[in-house]
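Look at the sequence and the model first.

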Amino acid sequence: MTINFEKSSIQDSRLFDPIKVGNMELQHRIVHAPATRLRCHEDGMVMTELVREYYSQRSSVPGTLLITESIFSGPKSGGFTNIPCLYNEKHAEAWRPIVKAIHENKCFVFMQFWNLPGELKPEYLLDQENLENISQGECPMDPTGLPAALGGAFSICGKELYMDKYMSKYDIDEHISEYTEAAKRAVFQCGADGIEVHQVNGFLLDKFVLNGFGENCDPNYRGTYENRVRFCLELLESVVKAIGQERVGYRISPYSDIWKSKDHMEAHMYMVQQLRVKFKNLAYLHVIEPRAYWTGHQQILQEEGSLKYQKLWNKPLLSAGGHDRDSALQLATQDNVLVAFGRYFLANPDLPFRLKFNIPLNRWNRAKFYTKKSPEGYIDYPYCEEFLNKTSEAKNQKVSCGKERIFN
Ligand SMILES: Cc1cc2nc3c(=O)[nH]c(=O)nc-3n(C[C@H](O)[C@H](O)[C@H](O)COP(=O)(O)O)c2cc1C
């Protein structure tokens, strides 16, 4: 990515400095970006042992913030198999040990929730056959965790996935109440530090902001910017009332124009202004940088990227998309900026350690991103030797593997 800061230099970087985000005292500014991996049972029950191992590995440097993969907040949010759910007691029970493992490693976790943009066609609903092979081979991946559209947004290999559905006020309220219940479960039952709202890449909330329903939704939720962001603001209102602003992060992809709205940047500007006015104590704003990921994303060569939004937000901001060590160091010369890594974090369990000491990174294996229920390409990426030496040294000296031992 191109970043051009006139006045700052990498020596000024605060990437490895502690920062307070929400109620959390993070020890550095490298974040695990949300990454859907399909390591769940068909019914959406997370595979506790396997997923616990994954997050436990990624929380090997104390003081790290991890954002989980997208989770379905209610039966109507989803429909795909092998994606985790959190809308009943059993789901919560399956997640609890995972959160516990992250906390035992002195790290923090926000659980991300999403909703699909319409109604899945019956042939795809909980269907193994049709979706079985979508993750294999060279099929390009989109940044929300599903294989990229090959024939247009929200289709896979040229097959449309969704039916249009008129979104009435009743539907909207139903989603808000499901989302709020899921947020409560995440924090009060699973023990998570917070939740991340997913208003990204044309999925349900983003579809409203981008006016993607056209006339196919309640008139108070379409047309003007004020109307288009209404669903998101009402949802936030309800969620923060239930769990508190400091426990909520908000993710946007302002450079994606899936629904061809033409004014997606302006709409997001308006949204961020509203956040600043109404929810200025949210834990963070999370912005996906301009990069061409998949159909619908614009290739904007824009020097500022997320910092354009930071000028409005001016509180903790996470930047994601295409970062490497240099771009992260450079971006973190700005105060209040954290850098989220997707592919590098899934391929490097000890990523913050490697970045700190400039140790070469493992390359990710794209073919195994979405291998359902498999440990391969998931928990078998190696730690670097330096990290293993450092941790065993700490163990031999019978001191805790706190940040003093591992990170300094
Ligand atoms: C396998 C995979 C799954 C992803 N799943 C999600 C997801 O569930 N939710 C989300 O908001 N973004 C998701 N993303 C996007 C990442 O959070 C991140 O924005 C993207 O990978 C770009 O960052 P990177 O260049 O560091 O990989 C996913 C990305 C990958 C590669």
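The bend at a residue is the angle between two fitted axes, one for the seven residues ending there and one for the seven starting there. By that definition, helix H2 bends by about 30° at Trp95. A proline, Pro97, follows within four residues. This is a predicted model.

**Helix H2.** H2 covers residues 89-104. Its 16 residues should span 22 Å at 1.5 Å a residue, and the end C-alpha atoms lie 23 Å apart, so the two values agree. Trp95 is one of the buried residues of H2; the others are His91, Ala92, Ala94, Ile98, Val99, Ala101 and Ile102.

| Partner of H2 | Residues |
|---|---|
| Helix H1 | 48-58 |
| Strand E4 | 65-72 |
| Strand E5 | 108-114 |

Helix H4 is also a partner of these buried residues.

**H4 against H7.** H4 (residues 169-189) also packs with helix H7 (residues 230-243). The angle is about 30°, and the axes are 9 Å apart. The crossing is right-handed. On the H4 side, the contact includes Ile172, Ile176, Tyr179, Ala183 and Val187. The contact residues divide into 11 nonpolar, 3 polar and 3 charged.

**Thr224.** This residue sits in the loop between helix H5 (204-209) and helix H6 (225-228). Thr224 and Val209 are 15 residues apart in sequence. Their C-alpha atoms are 9.6 Å apart in space.

Key: Residues numbered from 1 in each chain as written. Predicted model: local features only at pLDDT ≥ 70, side-chain atom pairs only at ≥ 80, totals over all residues. Heavy atoms only, no water. Axes fitted to C-alpha atoms, helices over the stretch in contact; angles between N-to-C directions. Helix = DSSP H or I, 4+ residues; strand = E, 2+ residues; numbered from the N terminus. Left-handed = near helix turned anticlockwise from the far one by under 90°. Contact = heavy atoms within 4.5 Å. Nonpolar A, V, L, I, M, F, W, Y, C, P; charged D, E, K, R; others polar. Expected span 1.5 Å × (residues − 1). Buried < 20%, exposed > 50% of the residue type's maximum accessible area, 1.4 Å probe, protein only.
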